[in-house]
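These notebook entries record what I looked up, one topic at a time.

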Amino acid sequence: MDFDLTDTQKLVQQTARDFAQKSILPEAAAIDREERFPFEILKGLADLGLMAVNVPSELGGAEAGVVAYSLAMMEVARACASTAVTMAVTNMVGEVIAKFGTREQASKHCPRLADGTYAAGAFALSEPGAGSDPGSMRTTATRNGDKWLLDGQKMWITSGAHAGVMVVWARTGGPGTAGISCFLVEKGAPGLIIGKHEDKMGLRGSNTVSLTFEGCEGELLGDLNGGFKIAMMALDGGRIGISSQAIGIASAALDESIEYARDRKQFDQPIANFQAIQWMIADSRTELDAARLLCLRAASMKERSVPFSREASMSKVWSTEAAVRVCNRAVQVFGGYGYTREFAAERHLRDVRVTTIYEGTTQVQKIVIARAALK
Ligand code: COS
């Protein structure tokens, strides 16, 4: 068992860290406050290969692997969680198109996702009435000559207003998971209507919209009626991305609270001297390291093409739930100051909260884990 990173992984991690600390972190508070979609920063990430980390180089990707992707995601999320989720979904979309698309589809879209020609990619699975149960989706696709026309509504779509291309799921067969196919829809496609932007608790710089499809043209991606498996496989990988995001956010919260505990004096001494504070820091450090190990194990398994669905879900449950606890404790260490916008602790807590919900709730991850255990 080798816990050391390879030279490539270290290089990607350092590249992401340098860019995140120099070019993203100084903007993070304003991105949150002004709900600013970080176009320029995303282009900067693309220029560094970070929008398609695990996409083959022949398609414009960095081909640096899943562990490197996870490490890069941690670094970006540590600086700005809104930027990180946009990066996560774009990487996921690039991987889906590279894996399931025809040569023509992949060579058209992957290089544009990778080099920032597209500001982002989007993943449109959820609907107003189909969240944890995507098998009950109602959006339909009907064949019209050699084209497909989509009708229906999607919800909670990250980067939906800005994505150059989106992968969209729609019903092409009977009820349930077996009648679903996956489609590519390009930005500006006639019949694609961008809905309202959600006024969210956190990740306020990320774009989250509903989408309406009215006879909107889409191109089939992968097998007819084989779309549900594509979604599940993509989400398995996506769960590693969101684990990494949660770990990055919580790492920032913990580091900032440690620094504050050293500086802040009460009862004539730094509060870091008190066991009450030390135990909070010890719990957070331990829980975060466990999260990191679970996350990198799942990433390494995916990279080695070992089945990793259960491990990705275990990583997501632990990492995101622990990250919420870590961010909550960080606010506690900051005391009253932690409840104000003077420090980033409150933003970290708002940003991290959704990680136990999206890309499959904690409860959905437990379904996956329990089914694997009881099989
Ligand atoms: N990889 C490949 N195939 C998978 C899979 C995976 N990880 N998980 C399920 N499948 C396949 C199954 O093998 C099954 O195929 P067959 O019909 O050929 O046997 C098919 O998909 C249906 O699987 P299942 O019956 O397990 O589907 P369920 O409707 O019971 O759903 C859960 C299972 C709950 C795990 C799934 O619906 C889920 O992940 N929900 C959460 C969705 C989500 O994360 N939404 C967030 C969207 S992004 S914000």
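**Entry 1: the cavity lining by class.** I sorted the residues that line the largest cavity and found six nonpolar, two polar and one charged. I note that the model is a predicted one.

**Entry 2: the residues behind those classes.** I listed the lining of the largest cavity by name: Leu254, Ser257, Met280, Ile281, Ser284, Val326, Arg329, Ala330 and Val333. Two or more of the lining residues come from each of helix 6, helix 7 (275-303) and helix 8. I then asked which helix gives the most to this lining. Helix 8 does, with four residues.

**Entry 3: cavity count and volume.** I looked up how many cavities of 30 Å³ or more there are, and the count is one. For the largest cavity I recorded a volume of about 40 Å³.

**Entry 4: the largest pocket.** I moved on to the open spaces and noted that the largest pocket has a volume of about 1,400 Å³. I found 47 residues in its lining, and those nearest the centre are Ile357, Tyr358, Glu359, Gly360 and Thr361. The elements that supply two or more lining residues are helix 4 (81-100), strand 3 (147-158), helix 6 (227-263), helix 8 (309-334), helix 9 (345-353) and helix 10 (362-374). Helix 6 contributes the most to this pocket lining, with six residues. By class, I recorded 22 nonpolar, twelve polar and 13 charged residues in the lining of the pocket.

**Entry 5: where the ligand sits.** Where does the ligand sit? I found it in the largest pocket. Helix 6 and helix 10 are the elements that give two or more residues to the shell around the ligand. Of these elements I looked up helix 6, which gives the most to the shell, with seven residues.

**Entry 6: the shell around the ligand.** I found 19 residues around the ligand, and Ser132, Lys229, Asp236, Arg239 and Arg371 come nearest. By class, the residues of the shell divide into eight nonpolar, six polar and five charged.

Entry 7: I looked up individual atom pairs next. In the side chain of Asp236, an N or O atom is 2.7 Å from a nitrogen atom of the ligand. For Gly360, I noted that a polar backbone atom is 3.0 Å from an oxygen atom of the ligand. Arg371 places a polar side-chain atom 2.8 Å from an oxygen atom of the ligand. I also recorded how much of the ligand is covered: taken alone it exposes 1,000 Å², and the protein buries 66% of that.

Entry 8: Gly360 is among the residues nearest the centre of the largest pocket, and its backbone has the 3.0 Å contact with the ligand.

Conventions: Residues numbered from 1 in each chain as written. Predicted model: local features only at pLDDT ≥ 70, side-chain atom pairs only at ≥ 80, totals over all residues. Heavy atoms only, no water. 1 Å grid on protein atoms, 1.4 Å probe; cavity = no way out; pocket = protein on both sides within 12 Å on 5 of 7 lines; lining within 4 Å. Points joined across faces, edges and corners; volume = space filled by probe spheres on them. Nonpolar A, V, L, I, M, F, W, Y, C, P; charged D, E, K, R; others polar. Near = heavy atom within 4 Å. Polar contact = N/O pair within 3.5 Å; in protein donor to acceptor, adjacent residues only side chain to side chain. Areas by Shrake-Rupley, 256 points an atom, 1.4 Å probe, with all protein chains shown as cover. Sits in = over half its atoms within 2 Å of the grid points.
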